[in-house]
Amino acid sequence: MSRLTRALTAALALTLLGAALTSCTDDPDHVTLRVLASPELADLQPLLDDLEDDTGVELHLDYAANADLDGQYPAPPGTQPYDLAWLASDRSFLLRVQDSGGRLTRPESTAIMRSPVVVGLRPALARTLRADAPGGRISWADVADAAAEGAVRFGMADPRTSDTGRAALVGVATAAAGTGTALREKDVSCDRLRGFRSGQTLTAPSSRDLLDRYARDPARADALIAHESELLSLNRSGDLAEPLEIVHPDDGMVLSDFPLLLLDPDRRDAYRRATDWLLGDEAQRDMMRATFRRPVHQDVAPAPELRTAVGNALSFPDRLSIVERLVADYGDPATRAADQVVFVLDFSTSMRGARMDQLRAAFAGLSGADDTSTGKFARFYRGERLTVVRFGGRVLEERTVTVHGDADLRELNRTVSGGGYDDATAVWTALDHGYRVAADAVRDDPGRPVSIVLMTDGENNAGLSYEEFLRRHETLGSEADEVPVFPVQFGEADATALDRVADATGGRVVDAGRSSLTDAFKEIRGCH
């Protein structure tokens, strides 16, 4: 080969190489999409290179999405908007869209994977709970009951910031309501999760951070509430001395479907290329193997770890106000503010016999004897402060306990079951006394929610009149203003008078005649 031929050959080779490089970097079908993603999705990063190679679509994930994209979509002024969002769940976001009055448009959404929110328990704890559970099937109610008792210390992501934590909270609250349907406004009018919350000892802004914190210090909790996929991945990581046992609560779970949302309609072509690839059988299998999330396609066989049926999938609320009330009541998981409840109880002679039997049974149930699902959520819990004021024609006895264990509950029940009676009924004198106890409690610990439960079976016939009670109440100041009264109407109680005091203090009346005293007390647990 001549020198000229060799030179021409080398020039041609360089030209072809340059053309190849240009075609790689300037491919007209190649596009980069900015994606606002839930932190839990960081485990998908290794698979995104394959997506780019096969489709020309590069997904650049920013793991900063909050629970409902509030303050993130639409993009705040002066910031670059995202093309897509990839969330663990878009339910809270869609409720925000629904509640926006047309300001926000519902984006196109495609479910990519599925995973239920479940409980991971240390094996010894799982055996203990299963031994006491009907049929050995552990429920959210069982977990709540054990948490209230101090037997379960759990970790859960903060529902204010994490869609995983929010899904967990909705699941537990739906089980607590006991209706079998999506939560309604009246189901969250009182906080049924105080006992459950008392067992939380670990939290984080996202479930990914939660699992990292737990892996660094497993002694902080003996249970984790997170997606099944995350707990299985944690077990596989080898970071734990013993793997957690995955429990699918018998009373149902919220199922997340990890949707990919199209925020910028101009990116629809690239969005469709990405979703078509992600929904392909090979990609579904690869994601399942890498992350333990369940495929959305039924014809993709589940991995051995995923052959347990999801079971009862719980519905998400259909109103934003319900979710907001639930999250606000749960508050900051890093702080613990146990309630104080002042029970003002009628011990006039008309309460003798069957009525007193009902009262004692109600307190026994709240102390742990009620093994129904609603009873387990409503029970007295560790750290709760309980005051009993017994009255007849005057205040007969006052007793306060802070629940640390069964001994405190036995003392409380002895106060209710062992007291004597009185011939008269001084309702407003007793309630005045209860308010002075409550006002002192607010003054001593402003962060502690305080409420009064007034139970009577008759009309006021001694002591203060209602008008005198109101005048004395006004002198107690702002501390008393924060304390509502929840009267329990029983027997021949004056319904009109009880309605008046409930309205005046921000509480509401519960009629025990419609069900039982036990159900009435359960109905107002957590009301404040």
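Colleague: What covers the buried residues of α19?

Modeller: In this predicted model, the cover over the buried residues of α19 includes the helices α16 (427–444) and α17 (466–474), together with the strands β16 (450–456) and β17 (485–489).

Colleague: Which residues of α19 are called buried, and what makes them so?

Modeller: In helix α19, which runs over residues 495–505, they are A497, L498, V501, A502 and T505; the word buried means under 20% relative accessible area, so each of these residues falls below that cut-off.

Colleague: How do you know that the buried residues of α19 line one face of the helix?

Modeller: Seen down the axis of α19, the buried residues fall within an arc of 135°, and therefore they line one face. In an α-helix there are 3.6 residues a turn, so residues three or four places apart point the same way.

Colleague: Which residues on the other side of α19 are called exposed, and why?

Modeller: They are T496 and D503, and because exposed means over 50% relative accessible area, both lie above that cut-off.

Colleague: How much of the whole protein counts as buried?

Modeller: Of its 528 residues, 53% count as buried, and the secondary structure comes to 20 helices and 18 strands.

Definitions and conventions: Residues numbered from 1 in each chain as written. Predicted model: local features only at pLDDT ≥ 70, side-chain atom pairs only at ≥ 80, totals over all residues. Heavy atoms only, no water. Buried < 20%, exposed > 50% of the residue type's maximum accessible area, 1.4 Å probe, protein only. Helix = DSSP H or I, 4+ residues; strand = E, 2+ residues; numbered from the N terminus. Arc of directions from axis to C-beta. Contact = heavy atoms within 4.5 Å.
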